[in-house]
Amino acid sequence: MSWDEDGTPHPLALRRTGRSELEPDRLPEIRELEVLGWEPAPEDLRWVFLPYVWPPAARTWISDRSTHWAVDTSLDGHGHITGVECAPLAEPDLHDLDQEADAALADLGLPPRPRGRLWLLRPVGSFTTVGAVLDHLDALAAQHAVEAGPSTAFLALARAELSALSAPGTD
């Protein structure tokens, strides 16, 4: 298990460089990879470890050239929207998000994620979507009375199940 520190991004991502004002899920390379069966890894903190334990043959990454936006919405006294302002998320705020993920990973005994990557996964086993795999992991956690969150018990369960699902002959 690793973050593939020395690996290269998916070849489709190499065609594009430079910062984009698009959000991560709107990048053209993400859209192209989705057509090929790749799905963005979930951003929910409870799945922060997922790319680390996902079978290497079913994971890839691209350079994160996206912009993360802060949206400020103004409301009147009746709850009606009177204005919306969008601005790129400031570098300190992005750093805080990374620190939160790194702290959760450290609590699990895992190294921090490499910076500047967007992870994509393919379903494993007989599952047709990554969401179905995650639902399966949640159900397995409930069956074993393991809280489905960033814990060492859930990490161990997910690691073992993903390994079993990706074993030859399990499709």
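**Reading burial, salt bridges, strands and cores**

Q: How does R115 count by its relative accessibility?

A: At 43%, R115 counts as partly exposed. This is a predicted model, in which local features need pLDDT of at least 70, side-chain atom pairs count only at pLDDT 80 or more, and totals for chains, interfaces and linings use all residues. Residues are numbered from 1 along each chain as its sequence is written, and side-chain values use heavy atoms, with hydrogens and water left out.

Q: With which residue does R115 meet in a salt bridge?

A: Side chains of opposite charge can pair when their charged atoms come close. The rule used here asks for a side-chain nitrogen of Lys or Arg within 4 Å of a carboxyl oxygen of Asp or Glu. R115 meets D102 in this way, at 2.2 Å from N to O. R115 sits in the loop between α3 and β5 and D102 in helix α3, 13 residues apart, so the pair links distant parts of the chain. Helices (H or I, at least four residues) and strands (E, at least two) are DSSP runs, numbered from the N terminus.

Q: Is D102 buried or exposed, and which residues does D102 touch?

A: D102 has a relative accessible area of 13%, so it is buried. Contact means heavy atoms within 4.5 Å. Not counting residues up to four places away in sequence, D102 touches P112, R113 and R115.

Q: How many salt bridges does the rule give, and which residues are linked in a network?

A: The count is three. D44, R46 and D138 make up the network. On one side, R46 pairs with D44, where the closest N and O atoms are 3.8 Å apart. On the other, R46 pairs with D138, with the closest N and O atoms 2.8 Å apart. This second pair links distant parts of the chain: R46 is in the loop between β1 (39-40) and α2, while D138 is in helix α4, 92 residues apart. D44, at 43% relative accessibility, is partly exposed, and D138 is partly exposed at 22%.

Q: What is the order of the strands in the sheet?

A: Two strands pair if DSSP finds at least two bridges between them. Here three strands form an open sheet in the order β1-β5-β2, with antiparallel pairing. β1 and β2 are the edge strands, each pairing on one side only. Between β2 and β5 there are five bridges, in the antiparallel sense. Across this pairing, R59 stands opposite L121, and I62 has L118 as its bridge partner.

Q: Why is strand β2 largely enclosed by the rest of the structure?

A: β2 runs over residues 59-63, and four of these five residues are buried, so the rest of the structure largely encloses the strand.

Q: Which residues have the most contacts inside the largest nonpolar core?

A: A nonpolar core is a set of buried Ala, Val, Leu, Ile, Met, Phe, Trp, Tyr and Cys residues joined through side-chain atoms within 4.5 Å. The largest one has 32 residues, and F49, L50, W54 and L162 have the most contacts inside it. Two or more residues come from each of α2 (50-53), α3 (91-107), β5 (117-121), α4 (130-143) and α5 (152-166). A separate second core has seven residues, among them L27, I30, L118 and L120.

Q: Which residues is F49 in contact with, leaving aside neighbours within four places in sequence?

A: F49 is in contact with L105, L108, L110, F154, L155 and A158.

Note on methods. Buried < 20%, exposed > 50% of the residue type's maximum accessible area, 1.4 Å probe, protein only.
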